[in-house]
Amino acid sequence: MYPAKFDYLVPESLDEALSTLSERGDEVKILAGGQSLIPMMKLRFAAPETLMDINRIPDLGWISHNRGSDEAHIGPAEHHWPSSNGSGKPTLRIGALARHNDVVRSEAAKANHTVSSAAPWIADPIVRNLGTMVGSLAHHDPEGDWASVMLACGATVALASTAGTRTVDIDDFLVDMFATSCQPNEMVIAVEVKAHSDRGGGNYQKLERKVGDYATVGVATCLELGDDGNIAAAGLALTSVYAHNLKVPDAEAVLVGQAPSDELFAEAGRIAAAACDPASDSRGSADYKRHVVSVFTERGLAESLKIAQGGQT
Amino acid sequence: MNVNVTINGAEKSADVEPRLLLVDFIRSTLKMTGTHIGCDTTSCGVCTILLDGTPVKSCTLFAVQANGRSITTVEGLKQNGELSAMQQAFKEHHGLQCGFCTPAMMLVGTAFIEDNPDPTDDDVRWAISGNLCRCTGYMNIVKSIQAAAATTREGASS
């Protein structure tokens, strides 16, 4: 299988890449890990006139745990992040060329338990050596795992152009399948999620027929407990059981303000199962998948709670 | 576009189209056929090579992306004309039947035991989970990688 012909550009700096995008972004597709894009080009679902390989741009593969405004040095290449975004809250930031396996191995990435729990479940070990988290989000396969993690955790995406860098909430970034709000003159250079506090936890549950397959069902969860031990914040999003990654605000709302319990988590699971709309296919019937959503929601929340209560790191 | 690579220690260069896949550059341009093509869809892993020491699927990478980088294929595993510890272990423990997935399995195994010199069987199975074998049931592949890890540990401690 061979892709259609394309021009190949290989910029050696971010400025050079952004200049190219500002001049001819309409015809350019960005190549990062290529583990989704190249298969699509081989099937000719994608046929970009120009492929811009960003892999030679230095300093884009960073993963940093920004512990807050009291810390002056918060990781390499932090200048890529817009300075106006200083909320002072601890966050995890992941640069455009951080590979999935970089996230698996990263100490910094453990700052967000949903992220660190999902990373080993992305694709397969060989694909994880090249594929990138930011590339997955920018590609926006509607059955991708990372988008659910980001929706559950309330991520922010940084988009760079020659005009500067802007940030977009993940809900606004993910427009439709294979479509995002990244403009032709822009490049996604990083994504940011909240770091969990020592009273927070998160988890990703994934059922797959075989390693490297799409999720049959995926469930991303995260929790923060308040000083009273009640749930202060909750995130829940589902993979492969709707036309796109599905955030479930009703289930999140039922959790917030409550004391954590098995009954409460079961209720969230029922709401999630009712909110999704899975297709019956070779991976399972709709009823089966809906059942797995409720079970995984309970399990994921229980796992998140265990971490939040200090039972596990 | 000109591509220069160091493959198994030898420098090679060729003028290629940007859309030439790395696996075809290795097999057709450089005439080294130890690297196989299976599914051609990033699933089976038989085209795995080491790029600067890291396993990647060469059907899902363009040759131009490897410009200036170092490639190891199965032809580069032998050392001083002798089988490497991994190759020897696959031979002794019958870590193959038809042999089609074997070059990739040995390369993945070689990179894996460098990172994890004393793995559990589960670690090994996880490491090779991006590589399909349709003959062996994986039992002897796991055994072979474990044996190579043991040999390498003994070599390091002696």
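Domain bounds here come from an automatic or database domain assignment. With that in hand, select chain B: its domain 1 covers 2–76 and its domain 2 covers 85–153.

Before going on, a word on what you are looking at. This is a predicted model, in which local features need pLDDT of at least 70, side-chain atom pairs count only at pLDDT 80 or more, and totals for chains, interfaces and linings use all residues. Residues are numbered from 1 along each chain as its sequence is written, while chains are lettered from A and ligands numbered from 1 in the order in which they are written.

**Stop one: between the domains of chain B**

Colour the two domains of chain B separately. Their centres, taken over C-alpha atoms, are 21 Å apart. Where they touch, 15 residues of domain 1 of chain B are in contact with 11 residues of domain 2 of chain B (contact: C-beta atoms, placed from the backbone, within 7 Å).

Which elements give two or more residues to the domain 1 side? Select β3 (48–51) and β4 of chain B (strands are DSSP runs of E, at least two residues, and helices runs of H or I, at least four, numbered from the N terminus). The largest share, three residues, comes from β3(B). Now colour by class: this side has seven nonpolar, eight polar and no charged residues.

**Stop two: where chain B meets chain A**

Show both chains. Here 21 residues of chain B are in contact with 20 residues of chain A. On the chain B side, select β4 (54–57) and α4 (121–127), which each supply at least two residues. The largest share of that side, four residues, comes from β4(B).

Key. Contact = placed C-beta atoms within 7 Å. Nonpolar A, V, L, I, M, F, W, Y, C, P; charged D, E, K, R; others polar.
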